[in-house]
Amino acid sequence: MERAWRKSKLEVFHLAWHDSVLNYKRALNTARTAYFSSLINNNKHNPRFLFNTVAKLTQKPESVSCAPFNANYFLDFFCNKIDEIRIKINSSSLASSSNLVKNCPAADSELVSALNTFENISLQILSKIVSSSKPTTCVLDPFPAKLFKELWPALGPTMLNIVNSSLMTGVVPSSSKSAVVKPLLKKPHLDPGSLNNYRPVSNLPFFSKVLERVVSQQLSGYLLNNNLLEPFQSAFRACHSTETALTNVVNDILLTLDSNSTSVLILLDLSAAFDTIDHGILSDRLESQFGISGLALAWLKSYLSERTQCVSYNGTSSIFTAVKYGVPQGSVLGPLLFSLYISPLGQIIRSYGIHFHCYADDTQLYVPLKADDKSQITKLEACLYAVKKWMSENFLLLNSEKTEMMVIAPARQRHHVDQVTVTLNNFVISQSSTVKNLGVTFDSTLSFDQHIKEIIKIALNHLRNIAKIRSFLSTADAEILIHAFVWSRLDYCNALFSGLPREHQKSSNGSECCSQSLNTYKKI
C-alpha cells in the first residue's frame, strides 16, 4: 500500500496504508499482551523470574560483565575455602566426635517413639508431594521437571517403588546425591571480579528433592511430636517465619525499653555455615540427642555420604568432585539438618541467662542493660566466648569481624550508652547505627525510619517500571506484578510497625504506593 501511494499519490492508497499500519500495531499489541499474560500467569509464584522479565523490558540493556573465571576455578575456590575455614579453627581445641556427643543432652527417655525407620508412603501422598513441588529443572535431570509432572500418571508407580525401596533399605540412590553448583553474587552491587563475593547454591535433580521432601515430612513430624525442636529456631517450621522471629525479638526489646532499660543486640556472623558441617558429628548427634537410629539413621548417613558436585558457570561445567563436608544449600533436608546440628547452642546461651533467637544460621543475642550496671556486658562476653568455643569444636567459624552490635535505647538515654562495646576474642565489636536483621533495617531507637524509606523507594521504583509496560498488560496481569513487587515488600514484617507514631505508620502502610498503584491501573 505504501508503494502504491508513493507511486500514485492517490488518497485511497494513503488511507489503506494508514489502516494497514494501525491493524498491524493492534495485532502486535494483542500478541504481545497475550504473550506476557501467559508468561506472568505461568510464573506468578516465581518473583525472581517476574523481576528479571520486567527488568529486561524496562531497563536499558547493559553490557553484561562476566567474572574472568571458569567453572573449574570456581570449584577450586569453593572447595579450598572450606578447607581453609577448617584450618583456621584451632585444631588443638577440637574434641573427638564421641566427646562432643557426650557433651550434648541425651535423647529423652520419655520419647513417644524413637525413629528407627521411615515409613512407606502411598501413591496418593507421593502424588501430592510431586504436584506441590516447584518444577525447577536441573541439568542432571533426564528430562524437564514440567514434563516429569505431566507424565506423572505413567511414571508414578515406578517412582513410588524407587522411593519406598530407598526408605526400606536405608540407601539413597547415587543419582540423587549429585548437585550442580551455581555461583551467585551475594549482593547485586558487589564486584563480580572477586571470588569472595560469590556463594555456592546447589541445584539438585527434581526427583532428589521429591525424595528429600518425603523424608523431611516424616522427620519433621517425629521431631515435632516429641518436642525435640529448639523453641527459638524459626527456620523452616510450620507457623514460624522471619516475621515471627523478628516480632518476638522486637517485643522483648520493647518490654525492656518500657522498664526504663536499654538493650544490647548482637547479630552473629558465620562463615559458610552450611558448607562446614561435619558429617560424623551430625550423625552422632542425630542418634544421641534426637533418638534416630536403625534404617532411618542409615538413610540419613547415606544421604550425607558419597555426595558429588560440579560447578556450572557461563555455559561451562567443571569436573565432578567429592563433597566431604556440609549440607547442600538449595536442598530440602539441608536447612533442617543444619538446625539439628546447631541445636546445642540454645542450652549454652540459656545457661548465661541471655535471650536469643535463631533463623537457620542467623543467630541474634540480646540482653537488657542498665546505665549504671555493666555486669550484663561481662555476661554477654562470656556467653559469646562459650558460643565461639562450641562452634570451633563443631567446625563452625564465628566471624568476629562481621559480627554486629547495636545498643537500642530512647534518645534521652543515648548519651549513657554511646561508648558501650563488646569484646569477642580480643576483637572489639563497636556499635552500629543500623543493622540489617533478616531483611529488616534496625535502628538504635526502633523507629524503622531507614527501613520504611528503603521499602517505599524500592516500591515506587517498581511501580514506575510497571507503568512503562502498562500499555500491554491487562488489569489482572498488572495486579499480579504489583502484588509480587510492591505489596509483598510493604507487607513483609509489617507486624513490626504496630505501635509506631502516626507519621511512621502513614509511610509504612503504603498510602503513597497505593495512590501510585491506582494511577498505574488507570494508565491505558
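Helix α11 (residues 279-288) packs against helix α13 (residues 333-341) at an angle of about 75 degrees, and their axes lie 10 Å apart. The model is predicted. The protein holds 20 helices and 13 strands.

**The α11 and α13 contact**

- From α11, the contact uses Ile281, Leu282, Arg285 and Leu286.
- From α13, Leu337, Leu340 and Tyr341 take part.
- By class, the residues of this contact are 6 nonpolar, no polar and 1 charged.

**Burial of α13**

- Helix α13 is mostly covered, with 9 of its 9 residues buried.
- Those buried residues are Leu333, Gly334, Pro335, Leu336, Leu337, Phe338, Ser339, Leu340 and Tyr341.
- They pack against five helices named here in order: α9 (206-225), α11, α12 (294-304), α14 (344-350) and α15.

**The α17 and α18 pair**

- Helix α17 (residues 449-468) and helix α18 (residues 475-491) pack with their axes 9 Å apart, at an angle of about 170 degrees.
- Angles over 145 degrees count as roughly antiparallel, and α17 and α18 are therefore roughly antiparallel to each other.
- On the α17 side, the contact residues are Ile455, Ile456, Ile458, Ala459, His462, Leu463 and Ile466.
- On the α18 side, they are Leu481, Ile482, Phe485, Val486, Arg489 and Leu490.
- The contact of α17 with α18 divides into 11 nonpolar residues, 1 polar and 1 charged.

**Two residues of α17**

- His462 sits in helix α17.
- The relative accessible area of His462 is 7%. Buried means under 20%, so His462 is buried.
- Leaving aside residues up to four places away in sequence, His462 touches Phe51, Phe485, Val486 and Arg489.
- Lys468 also belongs to helix α17.
- Lys468 has 54% relative accessibility. The cut-off for exposed is over 50%, so Lys468 counts as exposed.
- Lys468 and Leu57 lie 8.6 Å apart in space, C-alpha to C-alpha, yet 411 residues apart in sequence.

**The open sheet**

- An open sheet is built from 4 strands in the order β7-β8-β3-β9, with antiparallel pairing.
- Its edge strands are β7 (355-359) and β9 (404-408), each of which pairs on one side only.
- From one strand to the next, the twist averages 15 degrees.
- Strand β3 (residues 262-267) runs antiparallel to β9, and 5 bridges join the two.
- Val264 has Val407 in β9 as its bridge partner.

**Helices on the sheet**

- Helix α10 (residues 242-258) lies across β3, β7, β8 (362-369) and β9.
- The direction of α10 is at about 10 degrees to β8.
- Helix α15 (residues 375-393) packs on the sheet as well, where it touches β3 and β8.
- The direction of α15 makes about 160 degrees with that of β8.
- Helix α15 is also one of the helices against which the buried residues of α13 pack.

- Strand β12 (residues 434-437) is joined to β13 by 4 bridges, and the two run antiparallel.
- Asn437 stands opposite Val440 in β13.
- The hairpin has 2 residues between its strands, and Leu438 takes a positive phi near 50 degrees.
- In strand β13 (residues 440-443), Val440 and Phe442 point one way.
- Thr441 and Asp443 point the other way, and all four of these β13 residues are buried.

**Whole protein**

- Of the 524 residues in the protein, 46% are buried.
- Among contacts with a separation of 6 or more, 76% come from residues 24 or more positions apart.
- The protein exposes about 26700 Å², of which carbon and sulfur atoms supply 54%.

Methods: Residues numbered from 1 in each chain as written. Predicted model: local features only at pLDDT ≥ 70, side-chain atom pairs only at ≥ 80, totals over all residues. Heavy atoms only, no water. Axes fitted to C-alpha atoms, helices over the stretch in contact; angles between N-to-C directions. Parallel < 35°, antiparallel > 145°, perpendicular 65-115°, else oblique. Contact = heavy atoms within 4.5 Å. Nonpolar A, V, L, I, M, F, W, Y, C, P; charged D, E, K, R; others polar. Buried < 20%, exposed > 50% of the residue type's maximum accessible area, 1.4 Å probe, protein only. Areas by Shrake-Rupley, 256 points an atom, 1.4 Å probe, with all protein chains shown as cover. Pairing = 2+ DSSP bridges.
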